[in-house]
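Hello,

Here is the structure I promised to pass on to you. Have a look at it first, and then read on for what turned up in it.

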Amino acid sequence: MNKSEFLYIKNVYKTYKAENGDVEALSDVNLEVQPGEFVCIVGASGCGKSTLLKLIVGLENHFSGIISVGNELIKGPDANRGMIFQEARLFPWLTAEENIGFGFVNKISDKEKKKIIEEHIELVNLKGFGKAYPHQLSGGMQQRVSIARALVNNPKLLTLDEPFGALDALTRIQMQQEILRIWEFEKTTMLLVTHDIDEAIYLGNRIVVMSERPGTVNLIIDVNIPKPRDRTNYEYVQIKKQIYSALFREEFKLLEYAI
Amino acid sequence: MLTSKLQQFGNWSGQGVKYFHWNKNSGYISIWVPLILLLIWEGLCRFGFIRVTILPAPSTILTTLWSMLKSGELVRHLGISIFRVLQGYAIGAAFGIVMGIMVGLSRKVDQAFVIIFGLLRPIPIIAWMPVLILWLGIDEGSKITVIAIGSFWPVLLNVVDGIKNVDKKYLEVARVLEKSKFETLTKIILPSALPSIFTGLRVGIGIAWMCVVGAELIAASSGIGYLIMYSRELLQSDVMFVGVFSIGITGLLIDKILLIIEARFLKWNVNSNL
């Protein structure tokens, strides 16, 4: 296999202009992702993890450093990089099928489109709901539609920005199992941002822990527990501890200073 | 209760308006309150408390209505007025939609027209009537133009509003999926502005209907406004009231029809009223 990394992020800095001066959102972020890998990024809100995803997808430019996917520098959005948002962001005036159909970037025949849409409805376990409007679907089902919409182009990289953050706890666990199944089936490289530590350990081959203000990579942990993972496994819990201490160490320090 | 009902009847923007409620709490109150008022009115006329030359009894108005319907006189006048409304409204609404899309999409166009629109919009529509008669004569042209102007504003404002309020999150989805500007406009911006556009169209037709009557009151030889004016001159107060009430009924019907069309188009809109 090609030695070069699939997703390559080197010395990335990003600042936002705010009213009272510039705000540094990302500072010297470095990350390399292999093809087919499932990488989870955890961090407190405001640590710039969503910003990093937006840079990778090409929704935001103006940063310094290098981001390349498959040896190509990023110049705006591309069909090879899909994105799933926290909200399903389905268009309420389109049915589930039509919403999925909106995902097509390349021109293909209607017949082929229909076939691909049907396949993807099956992939996300929504058979029989193709003609439903978003408001007739539950939150979890809406997110399934949005996953199908992102997958119709067969993206090489799928970025997910807290995709299950708005779902209830039980649906969230169900969706985590679903996304694993889809990942194993489609072999898409996944980059998932979350603030749910448990979710990150359950899904990721590697976990990137980011610290906040300015956002930077604090720690990268390899998770070598076979999937599907038992959430009460000893190693699992150990990794959890490790992430907790990495995330909250800084705050404990602050506390000590305050005392 | 009564005042809120009255407000609803006079509320042309009509969002959330359901004209008649049948539920257990209010019973048939929306039916029997007007009925009692009609009975009182009838009684006051019968017993001579009201001069029937000024305010005829409801029964007289109904009889006149029936005979005018049979002779075809009412339908003829109404038909002429409705035809004028349709012509003027078609022009005004079309301009409103096109202009609204341009203003809503482009900051430059918005800035170019901000003073012009700000200055023209507060002018009462009827104030245009003498000007238009001077320019276009007392024929159909001036009436249709005044209707067009009247329906233009509400359509324009609501279209602009609908387009500017498109959820930025939807636009982000379009960018990730590399959609062209044209596709973003037709597949995201316009559909999401549609509820607002429909509100504009409904307010617009209400105002168009008011404009035609206003224009006919000033200068016309046919139409429902003319009927009212002419019957006043002949002291036919019953004909006058037939005219006045048929304006109300037609307006209500037009609004209902638009609501039904809207419901067809906006099946997906969970916030809709129907």
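To start you off: which residues in helix α10 (residues 224-233) of chain B are buried? They are B:I224, B:G225, B:Y226, B:L227 and B:I228. The cover over the buried residues of α10(B) includes α4 (73-105), α9 and α11 (237-265) of chain B. Just past the end of α10(B), you will find B:L235 with a positive phi of about 60°. Please keep in mind that this is a predicted model.

Staying with chain B, have a look at the largest nonpolar core. This core has 118 residues, and the ones touching the most other members are B:I147, B:V159 and B:A208. Helix α9 (residues 181-218) of chain B gives the largest share of the core, 15 residues. Setting aside neighbours within four places in sequence, B:I147 has contacts with B:R84, B:V85, B:G88, B:Y89, B:G92, B:A208, B:C211 and B:V212.

Now over to chain A. Seven helices and ten strands are found in chain A, and buried residues account for 37% of its 259 residues. The C-alpha trace of chain A spans about 65 × 45 × 40 Å along its principal axes. A compact globule of 259 residues would have a radius of gyration near 18 Å, so the 19 Å of chain A agrees with that. Among contacts in chain A between residues at least 6 apart in sequence, 70% link residues at least 24 apart.

Strand β1 (residues 7-18) of chain A runs antiparallel to β2(A), and nine bridges join the two. Within this pair, A:I9 stands opposite A:L31 in β2(A).

Finally, how do the two chains meet? In total, 15 residues of chain A are in contact with 13 residues of chain B. On the chain A side, eleven of these residues are nonpolar, two are polar and two are charged.

Enjoy exploring it!

Best wishes

Technical notes. Residues are numbered from 1 along each chain as its sequence is written. Chains are lettered from A and ligands numbered from 1 in the order in which they are written. This is a predicted model: local features need pLDDT of at least 70, side-chain atom pairs count only at pLDDT 80 or more; totals for chains, interfaces and linings use all residues. A nonpolar core is a set of buried Ala, Val, Leu, Ile, Met, Phe, Trp, Tyr and Cys residues joined through C-beta atoms within 7 Å. A residue is buried if 20 or more other C-beta atoms lie within 10 Å of its own, exposed if 12 or fewer, and partly exposed in between; C-beta atoms are placed from the backbone. Helices (H or I, at least four residues) and strands (E, at least two) are DSSP runs, numbered from the N terminus. Two residues are in contact if their C-beta atoms, placed from the backbone, lie within 7 Å. Ala, Val, Leu, Ile, Met, Phe, Trp, Tyr, Cys and Pro count as nonpolar, Asp, Glu, Lys and Arg as charged, and the others, Gly among them, as polar. Two strands pair if DSSP finds at least two bridges between them. The radius of gyration is taken over C-alpha atoms; the globule rule is 2.2 Å times the number of residues to the power 0.38.
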